[in-house]
Amino acid sequence: MKQLLLGVFFGYGILSAQNNGRISYKAFFAKSEATEELKIKNRLLYQERLDEEMMAKMLTFNLDFNENESLFYLTNSLISEFENQKTKEYVTGLFYGYDEIYINKSEDKLIEQLYYAFGTILRIKKASFVVWKLTNETKEISGYKCYKAMYTYIQKWKGKEFPWEITAWYSPEISLQYGPIRYSGLPGVILELTEDNRGFIVDKIEFYKEPIKIKKPNKGEILTEEEIDRRQKKAKEQLSN
């Protein structure tokens with residue numbers, strides 16, 4: 001009985017320790033567009049694609065988490081100031097490097113602090129908006145057995161809908177329900193995720209004994225998808241005049 005109780009408390013300690021910490025992710029392009037075919041057709045465009053892929057690998061993101069909250073944000077960019085600045089801004093923006101994404105599980109709330117040309121905005125919706133399709137397909141990532149889950153995210157822009165295929169590899173060995181950018185709710189932490197052609201893969205996992213304090217994003221107006229589209233259109237019209 002004593003051994004059983006010790007086992008219970010030891011197991012509880014492990015689970016409790018997994019409730020607070022930080023996961024670092026590296027960015028990458030899921031599919032290379034710098035193909036040999038492109039190299040033959042357009043050497044300049046081929047080099048641009050190579051530069052973009054190189055820059056993506058220089059971005060590091062943190063996922064800070066406690067029992068109820070998480071915050072995803074860019075923590076380090078090793079892209080040199082001597083690189084093409086337009087390409088640097090494009091790649092950083094493509095991988096949400098100017099944004100902060102917050103999840104509160106107990107409130108089922110997702111807050112995205114997003115950077116646009118017309119300013120910074122807040123977009124709020126339910127964190128449980130994802131309906132995952134679970135599979136039995138597995139692979140190992142950083143020593144953890146991971147399972148594949150899939151989802152199609154509908155990105156709305158200018159009144160149109162664009163489907164983004166999402167693939168998540170999660171590990172039940174770490175019982176967190178968090179993951180990169182806006183995705184959560186799986187029976188294990190997401191160690192690798194691809195959204196359309198942008199990807200994030202775990203680089204380091206740290207667990208803390210003390211609860212980590214998560215700061216909720218609060219910069220910008222709260223806008224609907226329709227208002228975001230309207231302001232984007234207005235900003236482009238002003239630039240063209």
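**Entry 1: a helix pair**

The model I am reading is a predicted one, in which local features need pLDDT of at least 70 and side-chain atom pairs count only at pLDDT 80 or more, while totals for chains, interfaces and linings use all residues. Residues are numbered from 1 along each chain as its sequence is written, and side-chain values use heavy atoms, with hydrogens and water left out.

I then looked up the geometry of the pair, since two packed helices are described by the angle between their axes and the distance between the axes. The axes of α3 (residues 43-56) and α4 (residues 85-94) come within 10 Å and cross at roughly 55°, which makes α3 oblique to α4. I kept the conventions beside this: axes are lines fitted to C-alpha atoms, for helices over the stretch in contact, with angles running from 0 to 180 degrees between N-to-C directions; angles under 35 degrees count as roughly parallel, over 145 as roughly antiparallel, 65 to 115 as roughly perpendicular, and the rest as oblique.

Which residues of α3 and α4 meet? From α3 I listed Glu52, Met55 and Ala56, and from α4 Thr87, Lys88, Tyr90 and Val91, with contact meaning heavy atoms within 4.5 Å. By class, this contact has four nonpolar, one polar and two charged residues, where Ala, Val, Leu, Ile, Met, Phe, Trp, Tyr, Cys and Pro count as nonpolar, Asp, Glu, Lys and Arg as charged, and the others, Gly among them, as polar.

**Entry 2: the chain overall**

I counted five helices and twelve strands in the protein chain, both being DSSP runs numbered from the N terminus (helices H or I, at least four residues; strands E, at least two). The C-alpha atoms fill a box of roughly 75 × 45 × 35 Å along the principal axes. Of the 241 residues, 42% are buried, a word I use for under 20% relative accessible area, with exposed for over 50% and partly exposed in between (1.4 Å probe, protein chains only). Among contacts with a separation of 6 or more, 60% come from residues 24 or more positions apart.

**Entry 3: residues in strands**

Is isoleucine 190 buried or exposed? Isoleucine 190 is found in strand β10 (residues 189-195) and is buried, because its relative accessible area is 0%. Leaving aside neighbours within four places in sequence, I found isoleucine 190 in contact with residues including Tyr25, Trp132, Trp169, Tyr170, Tyr178 and Tyr183.

Serine 70, in strand β3 (residues 69-77), also counts as buried, at 3% relative accessibility. Not counting residues up to four places away in sequence, serine 70 touches Leu63, Asp64, Phe65, Ile101, Tyr102, Ile103, Tyr178 and Ile214; I marked Tyr178 because isoleucine 190 and serine 70 both list this residue.For isoleucine 201, I noted a place in strand β11 (residues 198-207) and a relative accessibility of 28%, at which the residue counts as partly exposed. Isoleucine 201 and tyrosine 25 are 176 residues apart in sequence and 5.2 Å apart in space, C-alpha to C-alpha. Beyond the neighbours within four places, the contacts of isoleucine 201 include Ser24, Tyr25, Lys26, Phe28 and Ile141.

With relative accessible areas of 25% for aspartate 108 and 44% for aspartate 196, I recorded aspartate 108 as partly exposed and aspartate 196 as partly exposed.

Last, I looked up alanine 235, which lies in helix α5 (residues 225-240) and counts as buried at 14% relative accessibility. Alanine 235 and phenylalanine 118 are 117 residues apart in sequence, and their C-alpha atoms are 6.1 Å apart in space.
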